[in-house]
Amino acid sequence: MLLAVLASGPLGDTRATAACQNRDESDRIRHGRGLDRAGQGDDMIGQRDDPGLPRYAGIATFALLPQLHEVEHADVAVVGIPFDSGTSFRPGARFGPAHVREHSRQLHPYHQVHESFPFRDQQVVDGGDLRVGPYDIEAAVEAIHEQARALVQGGTTVVAIGGDHTIALPLLRAAAERHGPLAVLHFDAHLDTWDTLHGASIWHGSPFRRAAEEGLLDLERCQHVGIRGGVYDPSELDDDARVGFAIIRSDDFARHSPEQLAERIRDRLGTGQVYVSIDIDVLDPAHAPGTGTPEVAGISTRELFGVLRELRGLDIVGGDVVEVLPAHDHAGITGLAAAHTVWELLALIPPPSR
Ligand SMILES: [Mn+2]
């Protein structure tokens with residue numbers, strides 16, 4: 001009651017007015033310009049670069065990038081999709097986007113391996129969270145589809161932070177509407193090409209089966225990476241092959257280098273357009289404990305990045321990093337892994353030809 005009186009009384013009004021009056025140009029949050037050493041990219045708005053506001057302070061957009069409304073055109077938008085009603089086991093990935101943003105504060109401008117500036121070659125923004133409710137899966141999938149379609153049709157590549165893996169279906173719909181049937185590069189412990197569960201046809205274990213049925217996938221060019229565990233019957237693997245996927249297992253990382261595996265992936269994907277979907281549970285629970293359906297004997301963060309960094313040049317037209325579940329995370333391990341995975345994905349997306 002006391003707080004309410006203060007806020008609505010003369011003292012509250014005075015403070016608010018003073019705050020507004022002080023918010024002149026010098027108080028605005030400053031973002032770096034995108035100028036690189038070759039003098040290119042100076043029309044980009046880069047990460048927040050404000051000596052008065054350290055990286056750990058202020059509101060966390062992804063990688064402290066500008067928001068969508070702060071730029072004239074975004075080439076790439078990182079959007080949160082706080083939806084987890086398709087989850088079959090532990091719920092809570094709806095809180096993933098905020099967690100990943102919070103752990104993305106330490107992402108820096110320069111990529112040492114690629115020798116590139118991922119946020120200077122093109123305009124990358126935080127597109128905020130999509131508007132989506134928790135109670136009706138089909139309505140949610142349609143809402144995600146509509147909002148993703150508006151971005152994609154406007155020439156913005158969408159990279160989503162989930163949310164559970166259900167969101168890949170509407171994102172693939174939006175991407176395939178613009179680009180045609182797509183190759184899918186899918187990092188996951190699980191196939192995610194199952195049919196129905198508990199009577200639901202759209203859930204987080206079925207997005208790629210539904211996508212194949214809808215004609216969104218190029219059935220000769222899809223690739224799983226990191227598969228292990230979680231199969232009831234070998235017929236599931238036959239179904240999986242039928243909807244277009246080849247498999248690199250988690251175990252394959254013990255026998256083959258990231259370079260060799262990346263070569264297999266390139267052979268499979270060919271030169272056409274690719275959608276990259278990364279379930280954080282592809283990582284071993286030691287590297288990503290905060291996820292909905294953990295599977296032991298997974299790959300390490302370094303192995304994941306080892307493969308991703310060999311895939312420069314892919315024509316990536318969309319992607320997601322999903323299944324981050326903060327309630328089961330410890331010390332931000334999963335949040336950090338996911339934030340850096342998004343960054344690795346952004347570093348691979350080719351800039352538009354201007
Ligand atoms: Mn998945």
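Analyst: A cis peptide bond joins Gly162 and Gly163, with omega about 15°. The model is predicted. The protein chain comes to 11 helices and 10 strands.

User: How confident is the predictor in the protein chain, and which residues have a pLDDT below 50?

Analyst: The average pLDDT is 91, and 89% of the residues score at least 70. Over residues 1-23 the pLDDT is below 50, and this stretch has 4 contacts beyond near neighbours in sequence. Residues 35-40 also stay under 50, with 5 contacts beyond four places in sequence.

User: Why is Glu115 called exposed?

Analyst: Glu115 has 7 other C-beta atoms within 10 Å. The cut-off for exposed is 12 or fewer. So Glu115 is exposed. Its place is in the loop between α3 and β4. Glu115 is not a glycine, yet its phi is positive, about 50°.

User: What makes Asp192 buried or exposed?

Analyst: Asp192 has 29 other C-beta atoms within 10 Å. Buried needs 20 or more. Asp192 is therefore buried. Phi of Asp192 is near 60°, a positive value in a residue other than glycine. Asp192 is found in the loop between β6 (183-187) and α6 (207-213).

User: Why is Ala98 called partly exposed?

Analyst: Its count is 17 other C-beta atoms within 10 Å. Exposed stops at 12 and buried starts at 20, so a count in between is partly exposed. Ala98 therefore gets that label. Its place is in helix α3. Ala98 and Gly335 are 237 residues apart in sequence, but 9.4 Å apart in space, C-alpha to C-alpha.

User: How do you know that the length of α11 agrees with its number of residues?

Analyst: Helix α11 (residues 333-348) has 16 residues. The expected span is 1.5 Å times one less than that number. That should give 22 Å, and the end C-alpha atoms are 23 Å apart, which agrees. As for cover, 13 of the 16 residues of α11 are buried.

User: What makes a set of residues the largest nonpolar core here, and which element gives the most to it?

Analyst: A nonpolar core joins buried residues of listed nonpolar types through C-beta atoms within 7 Å. The largest one has 92 residues. Val158, Leu171, Leu172, Leu182, Val274, Ile280 and Val342 have the most contacts inside this core. Helix α11 gives the most to it, with 9 residues. Val342 touches Phe62, Val78, Val100, Val159, Ile161 and Val321, not counting residues up to four places away in sequence. In soluble globular proteins, nonpolar side chains tend to be buried together. In the protein chain, buried residues make up 49% of the 354 residues.

User: How do you know that β3 and β4 pair, and what is the hand of their crossover?

Analyst: Pairing needs at least two bridges. Here 4 bridges join strand β3 (residues 76-81) to strand β4 (residues 124-129), and the strands run parallel. So the pair passes that cut-off. The chain crosses from β3 through helix α3 (residues 96-102) to β4, and this β-α-β crossover is right-handed. Ala77 stands opposite Val125 in β4.

Methods: Residues are numbered from 1 along each chain as its sequence is written. This is a predicted model: local features need pLDDT of at least 70, side-chain atom pairs count only at pLDDT 80 or more; totals for chains, interfaces and linings use all residues. Helices (H or I, at least four residues) and strands (E, at least two) are DSSP runs, numbered from the N terminus. pLDDT is the predictor's confidence in each residue, from 0 to 100. Two residues are in contact if their C-beta atoms, placed from the backbone, lie within 7 Å. A crossover is right-handed if, with the strands pointing away from the viewer, the path from the first strand over the helix to the second runs clockwise.
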